[in-house]
Amino acid sequence: MRLNYVETGPADAPVVLLGSSLGANQTMWAPQVDVLAKRFRVIAFDHRGHGESEVPEGPYTIDDLGGDVVELLDTLEIEQASYVGISLGGSVGLWLAQHAPERLHRLVAICPPSNTAANPEVWTDRAAQVRAEGTQSITDATLGRWFLPDFKEDLEPVRQMLLDCSDEGYAACCEAVSALNLLPGLKDITAPVLLITTDSDQSVPPETVVPLASEIPGAHLEIIENAAHLVTYSHSDTINPLLLAHLA
Ligand SMILES: O=C(O)CC1=CCC(=O)O1
C-alpha cells in the first residue's frame, strides 16, 4: 500500500507517527507538528483512502489500516516508533499495541472508537450515504460533532479537508469502523498508553473511552473539558503539553 507521509524534525531523533481521524488527512496535525518536531522525527501519514495515499476499493478492515502502518515502518526501516492517533487513527494505535507491540514505543490514543458492535449500522449507513452522495453530504454534521458551537475559528479549511477526501476511501474506512472490536486485546497491551477523551464528544462518547483506562495495564487517562471530538485542533494548547509529557 502506498501511504502518503510528511516528515518534520531531526532525522536522527526518536520517531513519532501521527494517525488522523476518519475523513481527515495529515494536515490536521498542523497544530502539533512544529511543537513535536523540536524533539522528535515526526511522520504524519494519511490512512489508505485518505489524503494523498492510495485508494483501493473497499471495504477496509482495521487489520488493513494497522498493517499499512507496519508496512510504512518497514519501508522507512524504522524498528520502533511512538504513535499518536485520534479517532480512527487512535483505533489504529490500539491495534498496533495489540498486534505489533515490538514496533511500538509509546502510544497516545485520542477519542478512539474501540467497539462498534452495538451499532454497526451507524457506520454502514454512513458508508452507503457517502458512496451515493459524496462527503459533501456529511460535512455539516461532521463539523457539528467535531467542534462545539463556541469554537469560533474559521472551519473552512477543515470543511475543505473533508470535501477533498475520497468518497470511496471515506466509505471503506466507515466499514472498518463498523466492524471494530479492540476490547479483548486491551489487557495484553504492554506499551505505556495515554488515553484522551473529552466531556462533549458525540462521535466517540467519553463513556466508551473512560473504561479502556482500567483495561489497559498502567494506562493514564485525561478528560478534556468543554471540548468535542477533534480536540487536537480545537484545544492544542492543552493537548500538546500532554503529548510531550507522555512521549518524552
Ligand atoms: O464521527 C466522526 O466523524 C468522527 C469519527 C468517529 C470515528 C472516526 O474515526 O471518526
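Colleague: What does the space taken by the ligand correspond to?
Modeller: The ligand takes up the largest cavity. Here a molecule sits in a cavity if more than half of its atoms lie within 2 Å of its grid points, and a cavity is a set of points on a 1 Å grid over the protein atoms alone where a 1.4 Å probe fits but cannot get out. It's a predicted model, with local features needing pLDDT of at least 70 and side-chain atom pairs pLDDT 80 or more, while totals for chains, interfaces and linings use all residues. Residues are numbered from 1 along each chain, and side-chain values use heavy atoms, without hydrogens or water.

Colleague: What volume does the largest cavity have?
Modeller: About 110 Å³, taken as the space filled by probe spheres set on the grid points, which are joined across faces, edges and corners.

Colleague: Which residues surround the ligand?
Modeller: Ser 21, Leu 22, Ser 87, Leu 88, Pro 113, Trp 123, Arg 126, Thr 142, Arg 145, Trp 146, Ser 203 and His 229, each with a heavy atom within 4 Å of the ligand. By class that's five nonpolar, five polar and two charged; Ala, Val, Leu, Ile, Met, Phe, Trp, Tyr, Cys and Pro count as nonpolar, Asp, Glu, Lys and Arg as charged, and the others as polar.

Colleague: Which atom of Leu 88 lies 2.8 Å from a ligand oxygen?
Modeller: A backbone N or O atom. With Arg 145, a side-chain N or O atom is 2.9 Å from an oxygen of the ligand, and a polar side-chain atom of Ser 203 lies 3.0 Å from a ligand oxygen. The protein covers 100% of the 280 Å² of accessible area that the ligand has on its own (Shrake-Rupley, 1.4 Å probe).

Colleague: And which helix gives the most to the shell?
Modeller: Helix 5, with three residues. Helix 4 (120-133) and helix 5 (139-146) are the elements giving two or more; helices are DSSP runs (H or I) of at least four residues, numbered from the N terminus.

Colleague: Back to the cavity itself: how many residues line it?
Modeller: 15, with Leu 22, Ser 87, Trp 123, Arg 126 and His 229 nearest its centre; a lining residue has an atom within 4 Å of a point. Helix 7 (167-178) joins helix 4 and helix 5 in supplying at least two residues each.

Definitions and conventions. A polar contact is a pair of N or O atoms within 3.5 Å; within protein, one must be able to donate a hydrogen and the other to accept it, and residues adjacent in sequence count only if both atoms are side-chain atoms. On a 1 Å grid over the protein atoms alone, a cavity is a set of points where a 1.4 Å probe fits but cannot get out, and a pocket is an open set with protein on both sides within 12 Å along at least five of seven lines; lining residues have an atom within 4 Å of a point.
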